[in-house]
Amino acid sequence: MIQRRQFLTHSALLAGTAALPAWAQEQTLRVVVGYPAGGSSDRVARIVADKLQAALRQTVIVENKVGAGGRVAAQYVKNAPASQPMLMLANPAVMVVAPQVMSDVGYDAAKDFVPVSEVNSYVFGVAVSSAVPVKELKHLLAWLKANPSQANIGVPATGSLPHFFALMLGQQAQVAAEAVGYKGSAPLVTDLIGGQIPAAVDTLDVLLPQHEAGKLRLLAVSSEQRHPLAPQVPTLKEAGVNLAAAGWNTFFAPRSMPAAQLARYEEAIHRVMQDPETARQFKSSNLDPVVATAAQTRQRLAAYRQQWEPVIRASDYRP
């Protein structure tokens, strides 16, 4: 009886595979990430890609197309042939900030891409090296104001949301702070720990492990309420800075993707994100998972743009 059940199960899988369209059976799905391996976006992409392989019964690989703060990846995906299954995991830096502050990013964030599913949300942290005798955010702001020639704040990428956040911190300190862009979180954290940069803004999941290890000191987080992963760290508002913001990682498809293919990926990602094991893997990496349909993702993206685009334009920031 056991052998018969195994045979029937195997036959059902083969039948299901045979029923898939040719592009689903034969081609690899590429998940493109615009940041280096090991960073937050990359870890999110790899958790979801691993689960998608089983959900789609299709090979799924993560491809890191690094450069220009994620814009190289967006240009690459935009120009992908319709015959090549491809998704991009992108954040507000690529899809909201860059189109507002640069004259030509090489793509139209609204017209060239279709939102598929938001899968992760995150907040930012402000940190200093534990060797620096700064224990509160107000002390850091006072130091930046007193030392304008050294008012450098490291960020993981030029033109990223942390970059924009660092400039706003400088405004709060009434000093023209210099946002120093790195090629990813890893070199930024290394320089922060080593004292090559006095302060940094990055996502909480990147900074928290180093804070817990005693190598960095988190001064504040950007959430509206204290974050459950770091309840001892005050919010920016509690620290006297009237700022709050969150970011996200969302899957986008190129506009050229066939509708049937797009619907299949939408359904699969939504199913993967409902899996408790996916949530466990996210949380073990200090990441906040999000379960959202394509319709919910589109609504959230529209609301985010409505909230932040006027703020970005009003800043007059130009790279």
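Visitor: What covers the buried residues of helix α8?

Guide: The cover includes β4 (113-129), β5, β7 (199-203), α9 (204-212) and β8 (216-221). Covering here rests on contact, meaning heavy atoms within 4.5 Å. Please keep in mind that this is a predicted model, where local features need pLDDT of at least 70 and side-chain atom pairs count only at pLDDT 80 or more, while totals for chains, interfaces and linings use all residues. Residues are numbered from 1 along each chain as its sequence is written, and side-chain values use heavy atoms, with hydrogens and water left out.

Visitor: Which residues of α8 are buried?

Guide: In α8, residues 185-194, they are S185, L188, V189 and L192. Buried means under 20% relative accessible area, exposed means over 50%, and partly exposed is in between, with a 1.4 Å probe and protein chains only. These four share a side of α8 because they cover an arc of only 95° around the axis. The arc is taken from the directions that lead from the helix axis to the C-beta atoms. A186 and T190, on the other side of α8, are exposed.

Visitor: Which residues of α6 are buried, and what puts them on the same side?

Guide: L137, L140, L141 and L144 are the buried ones in α6, residues 137-146. Their arc around the axis is only 95°, which places them on the same side of α6. The face turned away carries the exposed residues K138 and A146. Among the elements covering the buried side are β4, β5, α7, β7 and β8.

Visitor: What does L137 touch?

Guide: L137 touches V126, L219, A220, L236, A239 and V241, leaving aside residues up to four places away in sequence. L137 is also one of the residues that touch the most other members of the largest nonpolar core, which has 88 residues.

Visitor: Why is that called a nonpolar core?

Guide: The name applies because a nonpolar core is a set of buried Ala, Val, Leu, Ile, Met, Phe, Trp, Tyr and Cys residues joined through side-chain atoms within 4.5 Å.

Visitor: How do you know whether R57 is buried, exposed or partly exposed?

Guide: R57 has a relative accessible area of 36%. That value lies between 20% and 50%, so R57 is partly exposed. R57 sits in the loop between α3 (40-56) and β2 (60-64), and has a positive phi of about 55° although it is not a glycine.

Visitor: How many bridges join β1 and β2, and in which sense do they pair?

Guide: β1 and β2 share five bridges in the parallel sense. Two strands pair if DSSP finds at least two bridges between them, so five is enough. V33 stands opposite N64 in β2. From β1 the chain crosses through α3 to β2, and this β-α-β crossover is right-handed.

Visitor: What makes a crossover right-handed?

Guide: With the strands pointing away from the viewer, the path from the first strand over the helix to the second runs clockwise.

Visitor: Why is β1 called largely enclosed?

Guide: Four of the five residues of β1 are buried, so β1 is largely enclosed by the rest of the structure. β1 also runs parallel to β3, joined by four bridges, with L87 as the bridge partner of V31.

Visitor: Which element has the lowest mean pLDDT?

Guide: Helix α1, residues 2-19, has the lowest mean pLDDT, 41, while strand β3, residues 86-90, has the highest, 98. pLDDT is the predictor's confidence in each residue, from 0 to 100. Over residues 1-18 the pLDDT is below 50, and this stretch has five contacts beyond near neighbours in sequence. Where pLDDT is low, the predicted coordinates should not be read in detail. The protein chain averages a pLDDT of 88, and 92% of the residues score at least 70.
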